[in-house]
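Reader: Please take me through one part of this protein in detail, setting out your terms as you go.

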Amino acid sequence: MPETIQESAGLAQDMRDRVVIVTGAGKGLGRAYALDLAARGALVVVNNRWADRSLPSSAEAVVAEIRQAGGQAVANTDPAEDPETGEVLVAQAQAEFGGLDAVVSNAGVPETLRLHRQTREGFKRIFDINFFGAFHLVQAAWPALSAAKAGRIVVSASSAGLHGGDGMAAYASSKAALIGLVKGLAVEGRPRGLLINAIAPYAVTAMTEGHLAPGLAERMDPAAVAPLVSWLVSAACDVTGQTLVSGGGRVRAAVSVEGPPVTLEPGRIGEAVRAAMAAEPRETYGDAHQAFAAFMDGRTALAPTVSLV
């Protein structure tokens, strides 16, 4: 049987004095991440927008939970999609706790709307929150995390960004863009010891609870994903550029693969495409330059070019 995340990450994971920003942390997955990090000794900046000022702040409520349990945390109620929020959060972490070691960009919104009903403004809004909210935070935190001993970044992607879904063009595109951001920044960050990964979580939240089959919600506690996130932002994490699917105490890696080249022959393009889709072996590459070289230079690690006969 596969190990649970708790077993593989280690419940005793030491996060003492590591300063971590978590966005979208007032409820659901973000709350679970913040609570788990604080329980392991991290100093947490808990961000969640305060949309309805007639109600208590969810970020403040999570901070109160953490402090009541003996942890350390501060709240931030700025909208994650505002371009200035990233810089504000970094400055707050440095002012309150003296530095910054990691960020978890979890804030996001869902949408199920087919393209013929989609507006440009609505599509852009999804990107502003899901992609640019993460980008602004990562860009603001990059200098501090590059200077940290073990800078770490986790962004919240989705299986929709890997596989798509009916009526999910905007949401899937925004999450796929995050996966591309992670792959690009993993290459930049590696020489600095700055590691960045994406997580595609399966959990019962306000976003998903209306779409789960009976009995499934019990298997999808957000707390079951949190130990993986804590490991990914810890100094013990030694992977980067990965997209990890997680839920119910399990984890699996999602990877981009390419198969061997197939010769394009005049008049038989469709056959070549279908042959390429089925061709083996499939390989993964460290970056786009490696993929280009493997495709163009005919290196022997790939199967010989397939010719249609």
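Author: Contact here means heavy atoms within 4.5 Å. This is a predicted model, in which local features need pLDDT of at least 70 and side-chain atom pairs count only at pLDDT 80 or more, while totals for chains, interfaces and linings use all residues. Residues are numbered from 1 along each chain as its sequence is written, and side-chain values use heavy atoms, with hydrogens and water left out.

The part to look at is helix α7, which spans residues 169–189 and contains Ser-174; helices are DSSP runs of H or I with at least four residues, numbered from the N terminus. Ser-174 counts as buried because its relative accessibility is 0%, buried meaning under 20% relative accessible area with a 1.4 Å probe and protein chains only. Apart from neighbours within four places in sequence, Ser-174 is in contact with Ile-126, Phe-127, Asn-130 and Phe-131.

Helix α7 also gives the most to the lining of the second largest pocket, with four residues. A pocket, on a 1 Å grid over the protein atoms alone, is an open set of points where a 1.4 Å probe fits, with protein on both sides within 12 Å along at least five of seven lines, and its lining residues have an atom within 4 Å of a point. This second largest pocket holds about 440 Å³ of space, the volume being that filled by probe spheres set on grid points joined across faces, edges and corners. Of its 21 lining residues, Lys-183, Gly-241, Tyr-285, Gly-286 and Asp-287 are the closest to its centre.

Terms used. Helix = DSSP H or I, 4+ residues; strand = E, 2+ residues; numbered from the N terminus. Buried < 20%, exposed > 50% of the residue type's maximum accessible area, 1.4 Å probe, protein only.
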